[in-house]
Amino acid sequence: MPIRAVAYVSEAVQPWSREGIDAMVERAASFNVQAGVTGVLFFDGVRFLQYFEGPEDGTSAVYHRIQSSSYHHGLIELSRGPVGRRVLPYWSMRWLLADPLLRTMIQADWTGFVRLGLQAGKPTTAMGHLHHYVEPYIGGEVA
């Protein structure tokens, strides 16, 4: 079954609370398990950047749910398309505080979800940044 991915950025509705974000992500994780979707939500206190992956019907259902969420506004899709394999096969959904990294990830190249791209040992593509950032949290489980 082909795996598809979606990445987007949006602005959080203010004021926000850690408990509110935790509850939102817990509900998303439950939904994602049923949809066969995995992913991560980065948050810097102002903006969300989310990357999620799974079968086409699952990612479509999740994206529709995200578009109608009252937790954010101004959604901008960064990329959507096929990926060779899952990046986060074990996370139905998790959120990470990503300040100040988020700006770098938003501005990085999301074209085709290309992982490669290092310059002076630092990632240059969006997927390179994603891998670099989540790796310490998952103990080398990044595919």
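I began with the strand pairing: β1 (residues 3-12) and β3 run antiparallel and pair over 8 bridges. The model is predicted, local features need pLDDT of at least 70, side-chain atom pairs count only at pLDDT 80 or more, and totals for chains, interfaces and linings use all residues. Residues are numbered from 1 along each chain as its sequence is written, and side-chain values use heavy atoms, with hydrogens and water left out.

**Sheet.** I took helices (H or I, at least four residues) and strands (E, at least two) as DSSP runs, numbered from the N terminus. I counted two strands as paired if DSSP finds at least two bridges between them.

I then looked up the strand order, which is β4-β1-β3-β2-β5 in an open sheet with mixed pairing. β4 (72-83) and β5 (94-97) stand at the edges with a single partner strand each, so one side of each has no neighbour in the sheet. Neighbouring strands are turned by 15 degrees against each other on average, direction ignored; axes are lines fitted to C-alpha atoms, for helices over the stretch in contact, and angles run from 0 to 180 degrees between N-to-C directions. β1 and β4 pair antiparallel over 9 bridges, with A7 opposite S79. Helix α2 (residues 56-67) packs on the sheet and touches β1, β3 and β4, its direction making about 160 degrees with that of β3.

**Burial.** I used under 20% relative accessible area for buried, over 50% for exposed and partly exposed in between (1.4 Å probe, protein chains only). In β3 (residues 47-54), 7 of 8 residues are buried. N32 lies in helix α1 (residues 18-35) and is buried at 2% relative accessibility. Beyond its neighbours within four places in sequence, N32 contacts V37, V62, S92 and M93 (contact: heavy atoms within 4.5 Å).

**Rings.** I paired rings of Phe, Tyr and Trp (its six-membered ring) with centres within 6.5 Å; planes under 30 degrees apart are stacked, over 60 edge-to-face, the rest tilted. This gave 9 aromatic pairs. W110 and F113 have centres 6.4 Å apart and planes at 85 degrees, so the pair is edge-to-face; W110 and F113 are both buried. Y133 and Y137 have centres 5.9 Å apart and planes at 40 degrees, so the pair is tilted. Ring pairs also link W16, F43, F48 and W95 into a cluster.
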